[in-house]
Amino acid sequence: MGGAAAVVAAIAVAALAATSSSAAPAAGLADTPGSGQSVIDWNRQLISILGTPNAQPAAVHPTRSFAMLQAAEYDAVASITHAAPPYRSSVPAAGDARPDAAADQAAHDVLVSLYPTMRAGLDTQLNGELAGMPDGQAKQDGVGVGMAAARQLIALRSSDGSSAAAAPFVAGTGPGDYRPTPPKFPAPMYTGWGSVTPFLLDNAQQFRPAPPPPVSSAAYATALNEVKNLGRDSSSTRTKDETVAGKFWSATPVWNTWNQVAQQLVAEHRASLAQATGVFSALDLSLADTTIAMYDTKYQDHVWRPVSAIRLGGSARNPGIVGDPTWNPLTPTAADPSYPGAHSALSGAAATALTAFYGSHQPVTITSAADPGVTRSFATLSDAAEEAGLSRIWAGQHTRVDHQAGQQLGSQVAGWVLGDLSVRQYTGG
């Protein structure tokens with residue numbers, strides 16, 4: 001993260017932490033240590049929904065759902081406590097309204113809007129959260145604020161282009177052109193996602209990386225030969241730990257992983273409601289806008305995947321590349337162009353956002369239910385992001401060129417998001 005972004009991010013964190021129990025009653029409720037647990041609960045509920053077959057529309061990227069959930073909770077709390085200006089705009093709130101009831105209701109309503117078939121379970125969770133609060137006008141007023149915040153956020157995103165049908169993708173046939181990958185040759189995914197309206201970026205092209213080196217260049221040959229050696233399913237040069245990491249980071253959607261990291265940190269630090277909504281909104285707004293920007297670049301440059309480049313090596317007309325039609329990657333190749341790398345971009349964004357709240361020396365331990373028995377431990381969040389990106393080289397998915405461009409994009413987007421949210425602290429939105 002750049003120095004300017006770090007400064008404004010630090011200001012944002014300080015402002016979130018400034019709420020005290022000596023303030024208005026609503027602000028005191030939002031600042032109670034550990035009161036952010038309900039934010040974790042709703043985040044976990046979304047991950048559970050996303051794990052339900054056919055729950056998520058195939059053409060809609062899940063990071064949009066995370067961003068909508070967390071932004072609605074953040075706005076609901078900010079509308080009551082006024083500890084920080086909201087993501088977009090406040091909704092009217094009575095002075096006694098409970099921010100915890102508002103956050104729970106906002107989360108529920110957004111998720112019901114996105115996943116109406118899941119209403120029964122969402123109703124049960126909401127009832128459980130609200131049951132722990134005393135009945136009365138303050139609770140009812142909080143519920144009303146949550147409903148209004150959710151309606152506002154849903155309306156804001158109703159015409160963001162996420163439901164628009166993308167134009168059919170036509171695979172290229174020239175050297176370097178993306179084409180569906182073996183063994184199943186699936187159709188490319190999220191081909192129009194770069195046209196979705198960002199949550200905070202001015203536009204999807206704002207931080208678009210420079211074009212990658214041509215496939216005929218020495219730089220590309222060097223990058224491809226690295227993944228050819230390290231990323232092969234039967235590689236003899238990849239270490240045992242690199243093999244474990246390559247499979248680990250492939251096992252779970254990376255946006256889920258980073259939300260689970262945030263759950264862990266919010267719980268360990270006993271974050272207040274205001275702090276928790278700040279952490280998750282910064283994280284998930286960064287992930288959502290990085291995803292939009294990433295797909296804008298992917299389908300601008302439409303670079304072929306390593307498995308295509310290696311199997312069709314001769315067509316690159318590069319003396320540094322020797323084709324191998326029998327080459328297979330360690331893990332199945334994702335169905336989209338190679339440049340920039342998604343794990344690198346999203347992990348760079350997540351580490352930048354979370355480091356703004358927890359510092360550059362925050363250790364983290366990551367597990368995955370999809371890869372039981374494996375634990376990855378890191379001294380810092382940036383170390384975790386670095387491994388996440390490099391793991392895609394070890395898994396045969398990406399070149400180092402993809403990794404570096406992704407890291408740059410993700411950190412720039414998150415820096416912008418943090419800066420935008422911080423500036424709102426002092427400009428009133």
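Helices here are DSSP runs of H or I with at least four residues, numbered from the N terminus. This is a predicted model, where local features need pLDDT of at least 70, side-chain atom pairs count only at pLDDT 80 or more, and totals for chains, interfaces and linings use all residues. Residues are numbered from 1 along each chain as its sequence is written, and side-chain values use heavy atoms, leaving out hydrogens and water.

**Exercise 1. Find which helices each supply at least two residues of the lining of the largest pocket, and find the space in that pocket.**

Start with the term: on a 1 Å grid over the protein atoms alone, a pocket is an open set of points where a 1.4 Å probe fits, with protein on both sides within 12 Å along at least five of seven lines, and lining residues have an atom within 4 Å of a point. Volume is the space filled by probe spheres set on the points, which are joined across faces, edges and corners.

- Step 1: the largest pocket holds about 720 Å³.
- Step 2: it is lined by 36 residues, and Met189, Trp255, Ala334, Ala335 and Arg392 are the closest to its centre.
- Step 3: the helices you want are H9 (240-251), H10 (254-268), H11 and H13 (342-358).

**Exercise 2. Compare the reach of H11 with its expected span, then work out how covered H11 is.**

- Step 1: H11 runs over residues 273-301, 29 residues in total.
- Step 2: the expected span is 1.5 Å times one less than the number of residues, and for H11 that gives 42 Å.
- Step 3: from first C-alpha to last, H11 reaches 42 Å, so close to expectation by the definition of the span.
- Step 4: call a residue buried under 20% relative accessible area, exposed over 50% and partly exposed in between, with a 1.4 Å probe and protein chains only. On that scale, 27 of the 29 residues in H11 are buried; Gly278 is one example, at 3%.

**Exercise 3. What surrounds Asp289, and how far away is the nearest side chain of opposite charge?**

A salt bridge puts a side-chain nitrogen of Lys or Arg within 4 Å of a carboxyl oxygen of Asp or Glu. For charge, Lys and Arg count as positive, Asp and Glu as negative, while His and the chain ends are not counted.

- Step 1: list its contacts (heavy atoms within 4.5 Å). Beyond neighbours within four places in sequence, they are Pro198, Phe199, Leu200, Leu201, Val413 and Val417.
- Step 2: check the charge. Asp289 is buried without a salt bridge, and Arg157, the nearest side chain of opposite charge, sits 6.0 Å away.
- Step 3: see what Arg157 does instead. Its side chain meets Asp160 in a salt bridge at 2.9 Å, N to O, and Arg64 joins the two in a network.
- Step 4: Arg157 has a relative accessible area of 2%, and Asp160 has 4%.

**Exercise 4. Which parts of the chain does the Arg208 and Asp296 pair tie together?**

- Step 1: the whole structure has 12 salt bridges.
- Step 2: one of them joins Arg208 to Asp296, with the closest N and O atoms 2.9 Å apart.
- Step 3: Arg208 is in the loop between H7 (137-157) and H8 (218-230) and Asp296 is in H11, so parts 88 residues apart in sequence are tied together.
- Step 4: at 31%, Arg208 is partly exposed, whereas Asp296 is buried at 10%.
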